[in-house]
Amino acid sequence: MSIAVDRTSRPERSVPAELVEPLAGAAAARKNPEGRRDIFATCVVVIVLLVAMEITSRFVPDYIMPSPVTVWNAARELFFSDPYHVAVTLVRLAISVMIAMVAGVLIGLGMGMFPSVRPYLKAIVVIDTGIPALSWMLIAVFWFKNPESRIFFILLVILLPFYALNVYEGVRALPKELVDMIESFRPSRWQVLRYLILPHIVAYIFLTTKSVIGYAIRMVIFAELVASAVGIGARMNLAQSTFRIDQVLAWTFFLVILNLLLQAIVNGLEKISLKWRAEATVR
């Protein structure tokens, strides 16, 4: 026996227009001001740094602090002469971060979903985090002959723990009520992973990516400086050996801009992927 519900007999509840308009206006107002303030603050800091460089360059030799114009000319020269090295560094960075993300997410899920292997995976990750980056670089030089293998290995072992630990914390942070609710339907392990865990840890993956982008750029440059003759790190090493501090600063400013662009791309992907999630504003 089924019970039919007459939906037409229920009066429709409509939200008064005088409530909708202020709420819509408040939501629109919250979207832009913070981004505009961040852009304004970044511009102010850049202007202050350029002014400080210009003032300092008037009192010290060029090999200590060149003027912004000199650095700009060096940047133009590098842009037209070394695009291959820039492309190599970007490819290394992208491949290493993507593979470290996949491996770290799988290890984090293993720690969160399989209690029998959790202590062993945690021990491996914690030990990895305690090994200095310089040690991994020296080990890679001994273990691998190919520079690409060295750089990939260095970035993998350095970035992987960030994803593994954050994804594990994301699984642990699942609301108990939500877990109990989905367990009442007797789902398979795959269904729990697909409908509960994966949507929940997406935010943790984006958070980790935003946190490690700058660190990954520094590590790939350091690895190229130590273990490769191609890439931005190698070109910075060459500039240092020829006392071209203008080129060193030009590469440095390029890496700062690259970091900002990658952060913006990840933020955009995060907004698209998590547009279903309501934003909370703390006053």
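Residues are numbered from 1 along each chain as its sequence is written. In this predicted model, local features need pLDDT of at least 70 and side-chain atom pairs count only at pLDDT 80 or more, whereas totals for chains, interfaces and linings use all residues; side-chain values use heavy atoms, with hydrogens and water left out.

Buried denotes under 20% relative accessible area, exposed over 50%, and partly exposed in between (1.4 Å probe, protein chains only). Helices are DSSP runs (H or I, at least four residues), numbered from the N terminus. Apart from neighbours within four places in sequence, Ile 201 is in contact (heavy atoms within 4.5 Å) with Val 105, Leu 109, Val 167, Gly 170 and Val 171.

Two packed helices are described by the angle between their axes and the distance between the axes. Axes are lines fitted to C-alpha atoms, for helices over the stretch in contact, and angles run from 0 to 180 degrees between N-to-C directions. The axes of α4 and α9 come within 8 Å and cross at roughly 140 degrees. The two helices are therefore oblique to each other; angles under 35 degrees count as roughly parallel, over 145 as roughly antiparallel, 65 to 115 as roughly perpendicular and the rest as oblique. Residues of α4 that meet α9 include Val 105 and Leu 109, and those of α9 include Ile 197 and Ile 201. By class, this contact has 15 nonpolar, 2 polar and 3 charged residues. Here Ala, Val, Leu, Ile, Met, Phe, Trp, Tyr, Cys and Pro count as nonpolar, Asp, Glu, Lys and Arg as charged, and the others, Gly among them, as polar.

Helix α5 (residues 118-130) packs against α4 at an angle of about 140 degrees, with the axes 8 Å apart. Accordingly, α4 is oblique to α5. Ile 107, Gly 110, Met 111 and Gly 112 of α4 make the contact with Arg 118, Leu 121, Lys 122 and Val 125 of α5.

Gln 247 lies in helix α11. This residue is buried, with a relative accessible area of 11%. Residues up to four places away in sequence not being counted, Gln 247 touches Ala 74, Glu 77, Leu 78 and Ala 239.
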